[in-house]
Amino acid sequence: MKKKLIYLGIILLAILIQTSFLPIFMGSSVAGDAVLMLILTVAVLDGFASALSWAILTGILCDFASYVKVGQHVLIFLLVVYMVSFFSRRLSVEVKGTGILLFLLFIIIATLISNVLLTAFLILGDGSIKLQPQFLSILKLILFQTGGNAVLFFLWYNLIKKIKKALL
Amino acid sequence: MQKLTSTKLFKVGLVAIFFSVLVFLNPAGFFNPIRNIFLNILTPFQKITYTVSASIEGVGEFVSSVGQLKEENRKLHSENELLLVQRAMLNDMKNENDDLRNQLNLLPRNQFNLLSANVVGQDPNGMGNWIEIDKGSEDGLKEGMPVIVSKGILVGRLSELAPKNSKVVLLTNPKSVVNVSTTQTGAKGVAKGEYGLSIIFDMILQTDSIQGGNEVVTSGIGGGMPRGLYVGTVQNVHASDDNLFQQATIMSPIQTSKLQFVFVLLGSK
């Protein structure tokens with residue numbers, strides 16, 4: 001119960017960071033995704049079963065805070081949780097050696113999933129939106145976001161690991 | 001069968017189908033009561049976070065810009081001298097305008113009922129298309145009301161309202177369309193958001209005269225938006241894709257990521 005309440009607090013903190021903190025510092029178009037990285041961290045540290053329920057709850061809360069249709073963030077987080085689970089069964093997931101490369105791969109794929117799905121929802125939501133394939137600027141944006149996400153991921157990773165240790 | 005239903009892929013697939021249906025069906029307003037409760041809880045914390053981050057950002061910006069301040073100060077001095085001259089001219093024109101308005105029985109311009117609001121959040125999806133303010137339907141706000149800063153610079157319009165907070169769709173939002181005109185030449189058209197990054201001045205007749213540096217204000221055509229709210233300055237002018245109209249990019253003076261307070265325009269006094 002204590003762990004659940006702490007996790008709920010962290011989720012709300014992540015949503016606050018995402019909506020009212022990061023866009024001011026980094027500009028909304030290049031800001032990292034604190035909530036996405038939190039879900040990635042939970043998926044890595046707690047495993048599929050636990051992360052699935054947190055992904056659904058966090059996704060719904062994130063949809064509420066972002067004024068978008070309920071379900072959009074849930075779908076993104078579900079894919080991220082499944083991706084982590086898929087790779088974790090096959091490869092060693094640790095913050096050392098080649099494990100770090102795997103974490104970076106997770107961060108890159110999660111950033112891509114988030115960007116692709118959010119853009120798809122935007123186009124589906126308003127057919128009049130034209131998106132020009134300006135690949136260089138998109139690539140630059142995703143690189144910035146991946147960098148920001150990597151920092152956020154390692155912050156969450158260390159925080160949640162410490163919390164889990166303290167609760168044991 | 002039991003083995004299949006216990007697989008991770010099956011579970012994820014099932015939840016994904018449920019939420020995909022929810023996204024596409026989009027039961028309008030179904031979740032609004034829960035969303036409103038959640039936003040009511042979140043908004044006070046957002047207000048604190050936003051203020052704290054704006055203060056930290058302000059300090060950081062000050063430290064990093066010390067070197068530029070001297071040069072900027074020199075520029076501002078010369079600009080100030082120019083503005084003093086322009087102000088004197090404008091005061092004279094204002095008096096003349098007031099006299100003419102009195103003679104024609106026209107209502108005074110730029111006298112609006114304003115409601116100040118704190119910005120508490122921004123688009124977290126990186127599209128930069130909206131901001132969230134801490135005033136909502138309980139404060140008498142309605143969808144479509146214009147949102148401004150500094151007495152007359154247009155920021156956007158109210159879009160979705162909760163009792164205690166609302167979403168403001170910015171001018172850069174692809175869904176935003178505002179009737180505008182230039183102050184210098186009177187060229188009319190619409191200001192549309194593009195890709196969430198810039199504002200496009202579209203549908204300008206080929207016969208209308210427009211050039212870089214022209215000031216763009218709302219034209220008041222179509223109602224809902226008063227005349228004379230400042231939108232920005234014209235950057236580059238070019239023909240539209242179909243060559244039927246002229247198009248221009250509008251440079252807005254507002255940096256949305258730095259907005260802390262805005263005013264909702266409730267109506268004329």
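Two residues are in contact here if their C-beta atoms, placed from the backbone, lie within 7 Å, and helices (H or I, at least four residues) and strands (E, at least two) are DSSP runs, numbered from the N terminus. By that criterion, A:Y7, A:I11, A:I15 and A:T19 in α1(A) meet A:W54, A:T58, A:L61, A:C62 and A:A65 in α4(A). The contact of α1(A) with α4(A) comprises seven nonpolar residues, two polar ones and no charged ones, where Ala, Val, Leu, Ile, Met, Phe, Trp, Tyr, Cys and Pro count as nonpolar, Asp, Glu, Lys and Arg as charged, and the others, Gly among them, as polar.

This is a predicted model, in which local features need pLDDT of at least 70 and side-chain atom pairs count only at pLDDT 80 or more, while totals for chains, interfaces and linings use all residues. Residues are numbered from 1 along each chain as its sequence is written, and chains are lettered from A and ligands numbered from 1 in the order in which they are written.

**Confidence**

The model scores ipTM 0.82 and pTM 0.76. The per-residue values are pLDDT, the predictor's confidence in each residue, from 0 to 100. Chain A has a mean pLDDT of 82, with 83% of its residues reaching 70 or more, and chain B averages 83, with 91% of the residues scoring at least 70. In chain B, confidence is lowest in helix α1 (residues 2-5), at a mean of 70, and highest in strand β5 (residues 166-170), at 91. Where pLDDT is low, the predicted coordinates should not be read in detail.

**Chain A and its side of the interface**

Chain A contains seven helices and zero strands. Of its 168 residues, 40% count as buried; a residue is buried if 20 or more other C-beta atoms lie within 10 Å of its own, exposed if 12 or fewer, and partly exposed in between, with C-beta atoms placed from the backbone. Among the contacts in chain A with a separation of 6 or more, 65% are between residues 24 or more positions apart.

Two packed helices are described by the angle between their axes and the distance between the axes. For α1(A) and α4(A), the axes come within 11 Å and cross at roughly 35°, given that axes are lines fitted to C-alpha atoms, for helices over the stretch in contact, and that angles run from 0 to 180 degrees between N-to-C directions.

The contact between the chains takes 33 residues from chain A and 36 residues from chain B. On the side of chain A that touches chain B, α1 (2-20), α2 (22-26), α4 (48-65), α5 (72-90) and α6 (98-125) of chain A each supply at least two residues. By class, the residues on this side of chain A divide into 21 nonpolar, 10 polar and two charged.

**The nonpolar core**

A nonpolar core is a set of buried Ala, Val, Leu, Ile, Met, Phe, Trp, Tyr and Cys residues joined through C-beta atoms within 7 Å. The largest such core has 92 residues, of which A:I39, A:L40, A:V80, A:V81 and B:V231 touch the most other members. Its largest share, 10 residues, comes from helix α3 (residues 34-46) of chain A.

Leaving out residues up to four places away in sequence, the contacts of B:V231 include B:L154, B:A191, B:I199 and B:I250. B:A191 itself is placed in strand β7 (residues 188-194) of chain B, and its C-alpha atom is separated by 4.5 Å from that of B:F201, 10 residues apart along the chain.

**Individual residues of chain B**

| Residue | C-beta neighbours within 10 Å | Class |
|---|---|---|
| B:R35 | 20 C-beta neighbours | buried |
| B:A191 | 27 C-beta neighbours | buried |
| B:M203 | 19 C-beta neighbours | partly exposed |

B:R35 lies in helix α3 (residues 32-64) of chain B and, leaving out residues up to four places away in sequence, touches A:F64 and B:A162. The C-alpha atoms of B:R35 and B:A162, 127 residues apart along the chain, are separated by 8.4 Å.

Most residues other than glycine have a negative phi, and most peptide bonds are trans. B:M203, in strand β8 (residues 198-205) of chain B, is not a glycine and yet has a positive phi of about 60°. B:N243, in the loop between β10 (230-239) and β11 (245-251) of chain B, likewise has a positive phi, near 60°, in a residue other than glycine.
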